[in-house]
Amino acid sequence: MTRWTMVADLERCVGCQTCTAACRHANATSPAVQWRKVLDIEAGSYPNVSRIFVPVGCQHCADPPCMHVCPTTATRQRDDGIVTIDYELCIGCAYCEIACPYQARFLDRAPHFAYDAAMQNETERADLARVGVAQKCTFCSDRIDFGLENDLTPGIDPRATPACVNACIADALHFGDADDPDSNVSRLLREQRSFRMHEKLKTDPGFHYLYGEASDGSPERVRPAADGESEAGHIRARGVEPSHQQHWDWKAAGNFICGGVGSGLFLFSAIASLRYAELIPLAWAGLAIVALGLSVLLLKIGRPLRFIYVLRQPQRSWMTREAWIAGVLFPLAALALWTGVPSLLIGAAVVAVLFLCSQAMILKWAKGIPAWRQPWIVPLIVTTGLAEGSGLFLAATAQLSAVSLLTQAAAATAVVLSALRAWTWRSYLKALEAEGAPTRTLAVFYAYRPGFFVLGLALPLALIVIGFAKAAVAAPLFAIAGVCITTAGAVLKFILVTRAGFNQGFALTHTPVRGSGNAGPAVKPGWSMP
Amino acid sequence: MPGKVVHNERTVSTYCYQCVAGPDLLKVRVEDGVATEVTPNFDASEVHPAGGKACVKAFGLIQKAYNPNRILYPMKRTNPKKGRHEDPGFVRITWDEALSLVADKLNAVRAAGLTDQAGYPRVAASFGGGGTPTAYMGTLPAFLSAWGPVDMSFGSGQGVKCYHSEHLYGELWHRGFTVSPDTPLCEYLISFGANVEASGGVCGVKRHADARKRGMKRVQIEPHLSVTGACSAEWVPIKPKTDPAFMFAMIHVFLHEHSRDRLDIPFLKQRTSSPYLVGPNGLFMRDAVTRKPLLIDAATGRAVPFDTAGIDPALEGSFVVDGIEVGPDDEVIAHKAVTVGTAFTQLVAHVKEYSPEWAQPICDVPAANIRRIANEFAAHARVGETIEIEGVTLPLRPVSISLGKTVNNGWGGYECCWARTLIGCLFGALEVPGSTLGTTVRLNRPADNRWSSVKPGPDGFMKYPMNPTGKADWISRPSARSAHRTLVPLVADSAWSQALGPTHLAWMMQDENFDQLPVATPPDVWFVYRTNPAISFWDTKAVGKAMANFPFTVCFAYTHDETNHTADVLLPDCTDLEGLQLLRIGGTKYVEQFWDHQGFALRAPAVPPQGEAKDFTWIATELAHRTGLLGAYNAAINRGAAGVRLSGKNYDFSLDPEKVHDAETIWDASCRAASAEVTDGAESDGLAWFREHGFRVKPFPRLQWYLYPKLVEVGLRFEQPYQEQLFRIGKELGNRLHEKGVNWWDKQLAEYEPLPRWHDLNALYEVALAKHFSVRIADYPFWLITARSMQYSWGGNVGLQIIKEVADNVAGHGNVVMNQSAAERLGIADGDIVEVRSPLNDTKGRVMLCEGIRPDTLLMIGQFDHWATPFAKDFEAPSMNALVPMLLDLTDATGSSADLVKVKITRLGAAP
């Protein structure tokens with residue numbers, strides 16, 4: 001087999017960005033889209049400071065999170081390990097951008113030029129197929145393929161070698177087949193010590209970093225943390241520490257909010273309608289809310305006219321699964337509500353819960369966002385959706401009639417689900433702290449926590465208790481409590497998506513040797529460690 | 001791959017010489033007639049020291065060609081008023097009209113006389129970038145040569161932005177206009193602020209990366225953690241401008257803490273002036289008859305002339321001898337039985353007080369670190385070892401010291417250059433494999449290579465072309481507005497001398513009279529190419545004001561900029577990828593260009609000129625034709641003014657002097673001559689061959705990287721440690737100036753010390769600033785420094801988007817870089833907008849906080865502050881250039897100053 005691999009020698013790299021510029025030329029990327037770039041990291045405290053230059057880009061992981069989440073099969077992997085994007089299939093949902101822990105993917109929503117109007121060279125090479133879709137480093141696969149067709153060795157013959165490697169003036173970048181024990185990269189990896197970024201995420205990246213110590217054949221010295229942690233005092237972390245993801249905004253958050261509220265509302269309304277037929281419109285409303293969320297999503301994707309491609313990858317992508325489930329949910333629910341057949345109603349309710357679960361799984365598979373990939377996100381999103389639905393259901397039923405058994409049951413359900421949600425939230429946060437997370441993610445959550453406790457649990461609980469005690473005011477109190485529960489859930493998801501969605505950032509397990517001495521401590525800026 | 005189907009694709013070979021670290025070779029991919037991609041030239045991978053690669057700046061060239069902000073047509077000014085706030089009112093004219101305007105002016109100048117009433121050339125020209133514009137100006141040098149005297153002394157950065165003192169002292173001591181480690185063999189390098197990873201070009205970066213992998217230890221001594229500091233094994237944050245103390249302390253360690261046998265004693269005895277006897281007046285003791293310096297034959301104890309064969313000179317000690325001292329103006333002082341010591345003995349005494357403990361508070365570096373670094377240096381020197389280079393056995397001394405800007409220019413530059421060269425000599429580590437080497441000559445002649453400039457001088461050293469200081473031959477009436485030959489003997493009189501220091505005097509004199517010098521006149525015609533002194537000099541406000549008074553300025557213009565804002569005529573020339581030119585490559589050249597080949601490379605046009613931009617050779621030919629200088633112009637080309645002499649021993653491709661030749665004809669002849677030169681007349685391939693192959697070279701002997709074998713062959717010594725010659729000419733220069741009544745150069749005269757003493761340079765700056773601006777210097781607590789940027793330096797590329805884009809990936813660009821703790825104390829947060837004010841001026845920018853800078857230092861990378869250049873004027877980047885005053889008090893004897901000033905910082909607000 002062949003595994004094309006990039007090796008960056010951190011002892012050699014001087015951060016000059018010649019590779020960045022060469023890549024921009026070779027691949028005609030638009031301004032600020034840098035498939036290859038070099039980070040400039042400073043770590044330490046004056047006067048014991050180190051500054052490290054780290055080339056980054058697509059790591060062509062053997063187990064690429066971007067590919068797993070891609071709903072359209074646009075992102076695929078070749079037999080030689082290169083991860084590819086089919087611009088004709090990609091819908092620009094940006095899920096892959098969020099799943100990538102290396103910030104390697106870009107989504108350019110409109111053509112951009114160096115100056116106001118396109119220059120001749122930009123016009124000559126403009127590629128509209130790239131607009132509105134995901135793009136990233138290809139390892140210059142066209143050059144590799146050309147080389148292989150012409151008996152050239154990629155990584156050795158410049159015509160078959162990625163442009164960044166060719167251009168590197170410090171000979172810091174090397175490219176070759178890691179599966180070939182005699183290749184240039186295999187030799188480098190054998191003779192020198194190296195690490196890969198974010199090993200703990202088990203993506204098996206095809207990008208290795210040499211840090212300048214000769215390997216004497218002994219096992220790798222154990223660092224303080226396998227994934228690297230900062231021992232290094234202050235870190236000038238701009239561009240290095242986790243930054244907030246820029247791809248999923250209020251529209252994506254709206255889908256999660258509407259998905260939770262709508263499916264929860266549908267669930268409770270549909271079940272309740274078995275006994276209270278007047279609740280059928282409420283179930284319709286739930287369905288409409290789910291539909292609203294999904295249609296808002298259409299505004300978000302780069303290629304909305306291709307949205308149907310979202311159905312192409314049910315075997316892997318939870319976004320596809322969400323779409324398929326929605327595709328089942330709407331006709332089934334409509335039929336159920338139209339006919340009122342109990343089994344259909346129950347069936348539709350189950351599908352609504354599955355829809356909710358699929359939304360939770362979408363977040364869990366976003367490997368690039370530590371706050372989302374944490375496994376407790378699944379119970380959190382599910383309980384939040386159910387609580388939101390129950391809250392709205394309670395608010396609605398409280399208006400329907402005088403306090404009835406239905407309302408009381410709804411209130412009790414909402415209380416139970418709010419408590420369950422509070423517990424999963426607490427567990428989620430604890431798990432996040434235990435595992436380590438971007439400090440700014442935690443800061444957002446800590447700031448939100450007291451408000452969430454009051455709005456999402458304490459206040460509605462108090463209102464409902466009072467409502468049970470004083471029947472005269474129960475209806476308005478229950479309604480307010482319901483709205484509080486729903487609002488708290490919506491705010492939680494809004495914050496989770498648009499405020500706490502910090503990415504993985506970049507980290508080193510070793511700072512490199514520079515000519516003499518030993519490798520330095522690990523650097524992982526912007527992270528809280530347990 | 002992106003894009004449409006390409007019907008016609010080709011690659012064009014060319015070179016990049018945007019910075020002084022070039023030229024480097026590259027190729028340009030051209031698709032359907034449009035340049036789309038810059039790539040290395042791997043055809044040259046075995047020839048070029050960096051494997052045929054070009055640095056990031058070369059990747060800006062395509063945007064440079066297609067930049068929509070280019071000036072594409074000749075233009076003339078319609079608003080006679082000049083100044084920053086005056087709209088020039090440029091209007092489009094034809095080339096014929098533009099050239100007529102210029103030629104009419106030039107013809108009027110010729111009619112009036114080439115020099116004005118003050119004796120200064122009426123025509124002036126400023127070219128930027130350390131000589132690199134010549135790689136793009138086609139045959140303009142032939143036109144200038146045909147013209148006659150041209151004043152090149154209106155500086156665009158030199159003196160303050162260059163390695164000025166190193167240029168002069170480097171050429172004096174070891175034919176090094178710039179100085180480099182022999183990086184491929186060096187094992188221990190101390191770098192005082194030399195930012196080779198930013199300014200060393202592709203060759204520098206590659207050689208140092210290779211050296212790191214070999215295990216070379218580089219210690220970076222610098223106030224901030226530059227990219228070079230980042231890539232070094234150790235960073236020593238020294239207080240700005242205290243490097244001489246650090247180096248003096250190292251010398252102290254070598255001479256007072258180490259045993260003598262750790263030094264290279266044979267080298268000191270045979271290849272330096274260490275054993276020369278120094279008389280009571282600080283001059284060499286000389287033989288009364290031959291006037292040759294004396295030394296002691298250790299075997300007999302007798303004083304003999306330095307070149308007496310077969311003796312073992314005494315390195316140190318006191319001796320009673322007879323002889324003479326020859327002082328300034330040939331004053332002879334005779335001595336009988338006087339007790340004298342050797343130069344080495346003087347040196348040992350001189351550095352006795354300069355211990356690491358003494359240096360510690362000055363440099364703010366622990367004495368233990370200074371001592372350790374000195375010890376490590378000595379331990380790596382391998383005294384006594386040899387290496388074979390091309391069959392010749394040479395000493396191997398893999399230790400070196402490099403100096404950066406602000407260290408090797410301005411006050412203290414002398415001390416640092418001296419100490420660096422001297423330390424090399426102590427270990428025999430000068431101009432031998434692994435050690436400190438000169439790169440090229442620009443002041444000595446001939447300039448074809450360093451070896452041929454090695455000519456014996458009277459005292460056993462290499463002869464140096466000092467400007468005269470004798471009564472009879474001192475040039476009392478300056479030939480250029482910088483008065484360089486009048487004031488600076490060391491700057492010599494080559495084609496490069498005018499463009500060296502003190503170029504700021506040319507600007508200063510436009511505003512103030514210098515007692516006893518002719519009143520400086522503005523030039524009748526000023527040509528400007530590839531430079532923007534209104535941004536790139538010091539005290540840019542004053543420079544801008546001065547140029548606004550120039551009556552007729554002709555700018556070869558790429559885009560509108562701050563200097564051509566005052567132009568009368570704008571001439572759009574072909575950019576790098578559009579023009580045609582043949583360039584000499586190879587041999588040894590700054591910064592780290594050490595080739596094993598030499599020859600020529602062609603800059604073939606990759607794309608047609610945009611708009612009405614014209615090839616520079618066409619412009620130069622037109623100017624020559626229209627000024628009646630065609631014959632002289634063509635003759636200059638025939639003599640080699642365009643880079644290659646057109647005739648040789650067995651070939652002659654000379655142009656008919658009386659004809660107008662087009663650019664292709666001129667360069668075809670040049671290519672033929674180049675082919676013949678490289679092949680000793682065997683080949684005569686012309687332009688077509690070079691278009692196809694790009695370059696043609698022959699081997700360059702590696703032995704010639706090193707001056708030592710040539711010195712041995714000629715039987716000469718390095719002029720170290722004792723600077724008797726400088727001491728004497730300094731006195732002579734003082735006599736001349738004082739005879740003329742000039743006293744304003746006295747401070748500079750004091751620098752001519754035979755063994756430089758330590759001076760408190762920080763106090764010198766503080767006192768000068770306080771005095772001139774009547775400020776309390778304590779109110780300006782920070783030292784402001786700058787650093788080069790590989791992305792921008794020399795490139796003239798500040799208007800290119802891709803350069804800005806990639807430079808933004810390198811921390812510090814466009815910011816005021818400040819120490820985190822220092823900022824916290826002042827309540828300044830990362831990203832805040834601040835004002836940085838020197839006693840002269842202020843600049844504004846965004847703060848970037850970091851740990852890799854001293855708490856008493858601020859840093860502004862590169863040179864920005866543009867207000868006219870499209871794209872760049874929107875950067876809102878700070879620049880120190882407007883903050884550094886041009887002051888005589890801050891000017892050293894070589895005519896340079898350092899990029900350094902004291903400032904205060906005030907928070908203006910949070911980032912918007």
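Q: How do you know that the length of helix α14 of chain A agrees with its number of residues?
A: The expected span of a helix is 1.5 Å times one less than its number of residues. Helix α14(A), residues 405-435, has 31 residues and should therefore span 45 Å; its end C-alpha atoms are 44 Å apart, which agrees. This is a predicted model, in which local features need pLDDT of at least 70, side-chain atom pairs count only at pLDDT 80 or more, and totals for chains, interfaces and linings use all residues. Residues are numbered from 1 along each chain as its sequence is written, and chains are lettered from A and ligands numbered from 1 in the order in which they are written.

Q: What makes a residue of α14(A) buried?
A: A residue is buried if 20 or more other C-beta atoms lie within 10 Å of its own, exposed if 12 or fewer, and partly exposed in between, with C-beta atoms placed from the backbone. In α14(A) the buried residues include A:A410, A:L417, A:R421 and A:W425. Among the elements that cover them are α13 (377-400) and α15 (439-469) of chain A.

Q: Why are the buried residues of α2(B) said to line one face of the helix?
A: B:A98, B:L99, B:V102, B:K105, B:L106 and B:V109 are buried in α2(B). Seen down the axis of α2(B), the buried residues fall within an arc of 130°, so they line one face. The arc is that of the directions from the helix axis to the C-beta atoms. An α-helix has 3.6 residues a turn, so residues three or four places apart point the same way. The face turned away from the buried side of α2(B) carries the exposed residues B:D96, B:D104, B:A111 and B:A112.

Q: Why are α8(B) and α11(B) called roughly antiparallel?
A: Angles run from 0 to 180 degrees between N-to-C directions; under 35 degrees counts as roughly parallel, over 145 as roughly antiparallel, 65 to 115 as roughly perpendicular and the rest as oblique. The axes of α8 (243-257) and α11 (356-363) of chain B come within 9 Å and cross at roughly 170°. The two helices are therefore roughly antiparallel.

Q: What makes the residues of this contact nonpolar, polar or charged?
A: Ala, Val, Leu, Ile, Met, Phe, Trp, Tyr, Cys and Pro count as nonpolar, Asp, Glu, Lys and Arg as charged, and the others, Gly among them, as polar. Two residues are in contact if their C-beta atoms, placed from the backbone, lie within 7 Å. The contact of α8(B) with α11(B) includes B:F246 and B:W358, and its residues divide into 10 nonpolar, no polar and no charged.

Methods. Helices (H or I, at least four residues) and strands (E, at least two) are DSSP runs, numbered from the N terminus.
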